[in-house]
Amino acid sequence: MNSRALFLHTPPLRLFFLASLPGAVGMLASALYQTIDGVFVGRFLGETPFAALNLAMPFVIINFALADLVGVGASVPISICLGKKQDREANNIFTCACLMIFGAGIVIGALLYVLAPALMEAMGAEGEFARQAAQYLRVYAVCSPVTTIVFAADNYLRICGKLRTSMLLNILMSVVIMALEFVFLAVFHWGIWAAALSGCIGMCLSAILAMVPFFRGKLQLRFTRPRFSAAMLRQIVTCGSPNFLNNIAGRITSILMNWILVRLGGEAAVSVYGILMYVEGFIQPLLYGMCDSLQPAVGYNWGAGIFSRVRAIEKCCYVASAVISLLSAVVIFLLPSQITVLFVGESSGEILEMAIPAVQLFALTYLTRWFSFATQSYMLAIEKSISAALISVATALLFPVLLVALLWPLGLTGIWLNFAGTSLLAGLLSLFVLARKRRELSRADLPQET
């Protein structure tokens, strides 16, 4: 079955499972290596390297944010063009997007390599803490031109109907990274730079394997002579802005939080915040993989004018997101000490004492997080980029910063409550966005359907 038949004619519930399960499993594998990265660094290298990793991580993610802007931003118009049977235009967008990602990787990587020590000092880190954080960031910066394409390639494979290939490459990437990191840290006893190197090697391998079928012309999307235009660039930026703004805003928030935590609680507080980020980094990719894997299906049907299928697919996404999110809240709330010990061990008394109540407060986040997440994905898939960007920026930056000020008298407890408060406000905003868009989307569901 080709991708057009898969996305346009498969019953919505069956399509949901065919698309979302490989996407969720693939992203879960990706999340697992990030979690194991924290576990290995914390267990094999100690508390200072673990804190350094968490201090540098927001900048590592910023390194991938521009690639994500182009990758996701191109995926939406590519899917819609394919739904309209405009294959030539889809191939041009795909080719231009790949070139843009490679160029951005060179520029952003070079900047982060040069600025790494100054950035860590600006965060308030000193001595070995700052040195190790800069060392970790610099390895990712050097490998940036190749590693940044890996996330976009994942989207392009799914657009071509290669759902299992995408999943298997994510699993392979995670296995390679985890195996190399164990060898580098536990066997060779190398430093924090080796943790970053293992991640880069796994990403490079996955990126190369993902792009080979495109270079060989074996998939629906093919490389062609690039034709850049202002309209195409605007379309990519518009569609990719919600994810880009979410990444950038989220990292700005993380940088702000780390800056505050260094001053309120030192390395221990930064480590606790890092644990919460690893927990989020395990659940959010699962939700993202499930929702994002449906974007090609939504785009195809939106481009073909079959709007009732768009809504049917998205209803599946909402229900599944709610189930995963609520189950996560229960597990996190009931197992705070087990989650903490996984990263820092039982000997870290100060961190353990601080982390248990923090993790339990953090669990409340997932009572409402599913709703704003699914709504943002829905708005993005149907080219309602402004609505998606509003939810994205408010969730990642505006609400957290507002709550930092409001909850400041509570000290560290206010920081841990910030996540749940942000999630609740984002849910209310998403409800408002859906209410405003409902009438407009209902009007669209007219005679074009087939």
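Because the model is predicted, local features need pLDDT of at least 70 and side-chain atom pairs count only at pLDDT 80 or more, while totals for chains, interfaces and linings use all residues.

**Stop 1: the salt bridges**

A search of the whole structure turns up two salt bridges (a side-chain nitrogen of Lys or Arg within 4 Å of a carboxyl oxygen of Asp or Glu). Select Arg-131 and Glu-128 to see one of them, with N to O at 2.5 Å. Both sit in helix α5 (residues 127-142), three residues apart, which puts about one helical turn between them. Helices here are DSSP runs of H or I with at least four residues, and strands are runs of E with at least two, numbered from the N terminus. Arg-131 is partly exposed at 44% relative accessibility, and Glu-128 is partly exposed at 38%. (Buried means under 20% relative accessible area, exposed over 50%, and partly exposed in between, using a 1.4 Å probe and protein chains only.)

Next, select Arg-158 and Asp-154, which form a salt bridge at 2.5 Å, N to O. They lie four residues apart in helix α7 (residues 149-159), about one turn of the helix.

**Stop 2: a buried glutamate**

Now pick Glu-280 in helix α11 (residues 266-292). Glu-280 is buried but has no salt bridge. Which side chain of opposite charge is nearest to Glu-280? That is Arg-369, 5.1 Å away; by charge, Lys and Arg count as positive and Asp and Glu as negative, with His and the chain ends not counted. Beyond its neighbours within four places in sequence, Glu-280 is in contact (heavy atoms within 4.5 Å) with Pro-285, Phe-362 and Tyr-366.

**Stop 3: two positive phi angles**

Most residues other than glycine have a negative phi. Select Lys-85, where phi is positive, near 65°. Lys-85 belongs to the loop between α3 and α4 (87-122) and is exposed at 64%.

Finish at His-189, with a positive phi near 60°. His-189 lies in the loop between α8 (163-187) and α9 (192-215), and is exposed at 62%.

Definitions and conventions:
Residues are numbered from 1 along each chain as its sequence is written. Side-chain values use heavy atoms; hydrogens and water are left out.
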